[in-house]
Amino acid sequence: MKIEWYPGHMAKAKRQIAEVMPKIDLVIEVLDARLPASSANPMLEKLRGNKPCIKVLNKSDLADPGVTDLWVEYFDQMEGVKAIPIEANKRSAVGQIPKLCRRLMPHRGVPGKTLRAMVVGIPNVGKSTLINTLAGKKMARVGDKPAITTCPQQIDLRNGIHLADTPGLLWPDIRNQKGAYRLAASGAIGEGGMDYVEVALFAAEYLMNHYSGPLAARYKLADMPESASLLIEQIGRKRGCLIAGGNVDLQRASELLLRELRSGLIGRVSLETPGMDLEKEGGCDS
Ligand SMILES: Nc1nc2c(ncn2[C@@H]2O[C@H](COP(=O)(O)OP(=O)(O)OP(=O)(O)O)[C@@H](O)[C@H]2O)c(=O)[nH]1
Ligand SMILES: [Mg+2]
């Protein structure tokens with residue numbers, strides 16, 4: 001699978017985060033609630049050392065709520081870590097983050113003792129949206145390409161907390177093929193960087209195994225097809241993704257399935273659960 005990260009970019013992003021880290025008290029790590037393991041970059045754990053961390057499980061509107069609860073429980077057991085499911089553009093859940101910051105650092109975030117935090121995460125996970133909601137106004141452009149300066153500007157959240165105004169950008173870890181498929185299925189890997197049919201076959205297999213009810217309801221399937229490729233073919237046929245001769249256009253059918261999965265039309269789907277074998281689960285060849 002083609003990716004957009006190159007060793008030079010990775011080294012630069014790592015250096016920038018390492019330079020900012022000593023100036024902050026706490027890390028707000030944005031993860032995708034549908035795939036909290038694969039949307040993390042393991043290097044962050046090393047860079048943050050023993051600084052406290054809030055694991056924000058964003059896009060929770062798209063994730064399976066029961067599975068998200070399991071992830072919160074899982075992360076909360078870690079030393080110096082608190083997790084919270086959010087939708088980055090909704091004030092209600094985002095409003096809890098300052099409280100969690102103060103709980104992790106009770107001696108900071110009080111008058112005269114500013115708590116300095118930085119938002120980090122992989123591309124497109126919702127960092128800018130979260131910064132804007134925390135700040136209560138548009139500070140960061142959604143979709144903008146971030147760049148950390150070595151001396152970041154601070155946003156005063158007016159509650160004893162200062163936030164670096166540019167998010168720390170990490171790259172997703174795609175060494176694990178199944179993790180890369182999950183990232184691609186969620187929309188985290190850029191359009192040009194993936195083979196739609198391959199990723200759709202992976203997603204179809206996973207949905208058949210874990211979300212057959214919502215899948216059958218969405219595509220009005222009387223029986224579950226025998227294989228992922230038959231499922232994509234049936235979906236294509238039902239939705240008129242056809243080419244000359246009445247055959248199914250697999251590319252268009254694959255794009256349709258992935259688009260509907262990402263926008264929540266199949267239901268709230270989590271692609272990872274705590275404890276699952278991240279290198280084996282879900283794929284068409286698993
Ligand atoms: N469904 C859903 N979409 C969200 C949520 N948060 C952000 N998004 C969408 O995700 C996309 C990326 O959001 P951004 O805030 O730009 O993400 P980012 O991490 O700043 O991305 P980069 O700057 O490219 O690294 C946008 O289309 C947002 O509207 C959420 O809670 N739920
Ligand atoms: Mg951004």
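1. Conventions. Residues are numbered from 1 along each chain as its sequence is written, while chains are lettered from A and ligands numbered from 1 in the order in which they are written. Since the model is predicted, local features need pLDDT of at least 70 and side-chain atom pairs count only at pLDDT 80 or more, whereas totals for chains, interfaces and linings use all residues.

2. Overall fold. The protein chain holds 11 helices and 7 strands, these being DSSP runs (H or I of at least four residues for helices, E of at least two for strands) numbered from the N terminus. Its radius of gyration is 20 Å, close to the 19 Å that the globule rule gives for 286 residues, so the chain is as compact as a globular protein of that length; the radius is taken over C-alpha atoms, and the rule is 2.2 Å times the number of residues to the power 0.38. Along the principal axes, the C-alpha atoms fill a box of roughly 70 × 40 × 35 Å.

3. Burial and contacts. Of the 286 residues in the protein chain, 42% are buried, where buried stands for 20 or more other C-beta atoms within 10 Å of a residue's own, exposed for 12 or fewer, and partly exposed for values in between, with C-beta atoms placed from the backbone. Among contacts between residues at least 6 apart in sequence, 69% join residues at least 24 apart, a contact being two C-beta atoms, placed from the backbone, that lie within 7 Å.

4. Strand E2. In strand E2 (residues 53-58), 6 of the 6 residues are buried, with Cys53, Lys55 and Leu57 on one side and Ile54, Val56 and Asn58 on the other. In a regular strand the side chains alternate between the two faces of the sheet. Strand E1 (residues 26-32) pairs with E2 in the parallel sense over 6 bridges, pairing requiring that DSSP find at least two bridges between the strands, and Asp32 stands opposite Asn58 in E2.

5. Strand E6. Strand E6 (residues 161-164) is likewise covered on both faces, Ile161 and Leu163 being buried on one side and His162 and Ala164 on the other. Strand E4 (residues 115-121) pairs with E6 in the parallel sense over 3 bridges, and Ala117 has Leu163 as its bridge partner in E6. Strand E5 (residues 154-156) is joined to E6 by 3 bridges and runs antiparallel to E6, with Gln154 bridged to Ala164. The hairpin of E5 and E6 has 4 residues between the strands, and in this hairpin Arg158 takes a positive phi near 65°.

6. Helix H10. The buried residues of helix H10 (residues 228-238) are Ala228, Leu231, Ile232, Ile235 and Gly236. Seen down the helix axis, these residues fall within an arc of 135°, so they line one face of H10; the arc is that of the directions from the helix axis to the C-beta atoms. Their cover includes helix H8 (196-210), helix H9 (212-219) and helix H11 (250-262). Gly240, which follows H10, has a positive phi near 70°.

7. Two lysines with positive phi. Most residues other than glycine have a negative phi. Lys59, with a positive phi of about 60°, lies in the loop between E2 and helix H3 (65-76) and counts as buried, because 25 C-beta neighbours lie inside 10 Å. Lys220, with a positive phi of about 50°, lies in the loop between H9 and H10 and counts as exposed, with 8 C-beta neighbours inside 10 Å.

8. The C-alpha atoms of Lys238 and Lys220, 18 residues apart along the chain, are separated by 9.0 Å; Lys238 is in helix H10 and counts as partly exposed, with 14 C-beta neighbours inside 10 Å. Gly192, in the loop between helix H7 (177-186) and H8, is exposed, with 7 other C-beta atoms within 10 Å. Gly192 and Ala222 are 30 residues apart in sequence and 35 Å apart in space, C-alpha to C-alpha.

9. Ligand shell. Around ligand 1 there are 20 residues, of which Glu87, Gly126, Lys127, Ser128 and Thr129 come nearest, a residue being near if its C-beta atom, placed from the backbone, lies within 6 Å of the molecule. Helix H6 (residues 127-135) gives the most to this shell, with 3 residues. By class, the shell has 7 nonpolar, 8 polar and 5 charged residues, where Ala, Val, Leu, Ile, Met, Phe, Trp, Tyr, Cys and Pro count as nonpolar, Asp, Glu, Lys and Arg as charged, and the others, Gly among them, as polar.
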